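Hi everyone, and thanks for coming along. Let's walk through a structure together, starting with a pair of helices and then moving on to the sheet.

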Amino acid sequence: MQDRYVADVGDFGKFQLFRYLFDQEESPMSGKTLSQIWFLHEGEGEENNDGRHIDYFERMMGSDEYLETSLMDLLMRNRREVEELEKLKLLKNARFFYDKVPKALEDRYLWLNRALMFSSRSQIVAVAPDNGMALKCKRAEKTFEFLTLSSHYAQKVYPHKYIFADEISYFYRLPYLEVCIVYQHLGRCFSHEEQIRSLLCSMKNEYHDVLAIKHKPYSPRVFFFLCKSQVIKESLELRLRMFEKEFGEFWKLYV
């Protein structure tokens, strides 16, 4: 996560989804404590236009008026800073982890331990690296290899933009956790639908009770929900189906 991404269409989608799941009283997930792990960094050495999609308000109008007004106000004040999002109080029971992701592997393990301690008593943990999971595309098989900190850290030019498979496992094993939410930016390895199906299948093999929902505007992104039990998954699936039905123009659920 970087300051230049704040209040872009991806931020809008994430907060729209999380507010629907965790802030509305009729939701079975209402009142759960959420720890948002930002994976903050400065974007050193990057030359791209990421974060430019802030012209989405007309398309999204009416989907969440408080969210729309809050993000529009932030943009008008020219305050695109990650810590400003917490000040907007968009989520009632959320905690935000702001430690920047270090570059050295040894420091990354120390950072991970701090992130795990920060979220150790939360029922929901959401991880938000820029690009999502560290993967190696196997184009011919239309599958992915999941990369780990311990074995593949050096294979990524910008490892701070990814979460590695062993890191996901550590978050999933937290004692109070009910759902771990993993953000994934879809690439060009093969079609987006095939990428989602492949990742969902692989993650079900590892974590069993997994759901995914795709946010469709501009460059598609996916949120994977790793649930600790089938009961939690079924309850969450019902809520996500309602969300998809209400906002199907922008969202698609995968089970």
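Let's begin with H1 and helix H9 (residues 230-246), whose axes come within 10 Å and cross at roughly 130°. Before I go on, a word on where this comes from: this is a predicted model, so local features need pLDDT of at least 70, side-chain atom pairs count only at pLDDT 80 or more, and totals for chains, interfaces and linings use all residues. Residues are numbered from 1 along each chain as its sequence is written, and side-chain values use heavy atoms, with hydrogens and water left out.

Helices (H or I, at least four residues) and strands (E, at least two) are DSSP runs, numbered from the N terminus. Axes are lines fitted to C-alpha atoms, for helices over the stretch in contact, and angles run from 0 to 180 degrees between N-to-C directions.

How do H1 and H9 lie to each other? They are oblique. The cut-offs here are under 35 degrees for roughly parallel, over 145 for roughly antiparallel, 65 to 115 for roughly perpendicular, and the rest counts as oblique. H1 passes H9 in a right-handed crossing; a crossing is right-handed if the near helix is turned clockwise from the far one by less than a right angle, and left-handed if anticlockwise. On the H1 side, the contact (heavy atoms within 4.5 Å) is made by Gln 16, Leu 17, Tyr 20 and Leu 21. On the H9 side, Leu 236, Arg 239, Leu 240, Met 242, Phe 243 and Glu 246 take part.

Now each helix by itself. H1 covers residues 9-22, and its end C-alpha atoms are 20 Å apart, which agrees with the 20 Å that 14 residues should span at 1.5 Å a residue. That expected span is 1.5 Å times one less than the number of residues. H1 is mostly covered, with 14 of its 14 residues buried. Buried means under 20% relative accessible area, exposed means over 50%, and partly exposed is in between (1.4 Å probe, protein chains only).

H9 has 17 residues and reaches 24 Å from its first C-alpha to its last, close to the 24 Å expected. Among its buried residues are Ile 232, Leu 236 and Phe 243. What do the buried residues of H9 pack against? They pack against H1, S8, S9, S10 and S11.

Ser 27 sits in the loop between H1 and S1, and at 5% relative accessibility Ser 27 counts as buried. Leaving aside neighbours within four places in sequence, Ser 27 is in contact with Tyr 20, Leu 21 and Arg 239.

**The sheet**

Next, the strands. Seven of them form an open sheet in the order S2-S1-S3-S8-S10-S9-S11, with mixed pairing. Two strands pair if DSSP finds at least two bridges between them. Strand S2 (94-97) and strand S11 (251-254) are the edge strands, each pairing on one side only. On average, neighbouring strands of this sheet are turned by 20° against each other, direction ignored.

Let's follow some of the pairs. S1 and S3 run parallel and are joined by four bridges, with Ser 35 standing opposite Val 125 in S3. S3 and S8 also run parallel, again with four bridges, and Ala 126 stands opposite Ile 181 in S8. Strand S8 (residues 179-185) then pairs with strand S10 (residues 221-227) in the antiparallel sense over seven bridges. The bridge partner of Ile 181 in S10 is Phe 225.

Which way do the residues of S3 point? Ile 124 and Ala 126 point one way, Val 125 and Val 127 the other way, and all are buried.

**Helices on the sheet**

Back to H1, which lies across S1, S3, S8, S9, S10 and S11, running at about 30° to S10. Helix H5 (residues 105-118) packs on the sheet too, touching S1 and S2, and its direction makes about 170° with that of S2.

H5 has a helix partner as well: the axes of H5 and helix H7 (residues 165-172) come within 10 Å and cross at roughly 25°. H5 and H7 are therefore roughly parallel to each other, and their crossing is right-handed. The contact includes Trp 111 and Leu 112 of H5 and Tyr 170 and Phe 171 of H7.

**One last residue**

I'll finish with His 192, found in helix H8 (residues 192-207). Is His 192 buried or partly exposed? At 28% relative accessibility, His 192 counts as partly exposed. Not counting residues up to four places away in sequence, His 192 touches Leu 186, Gly 187 and Pro 220. The C-alpha atoms of His 192 and Pro 220 are separated by 8.0 Å, with the two residues 28 apart along the chain.
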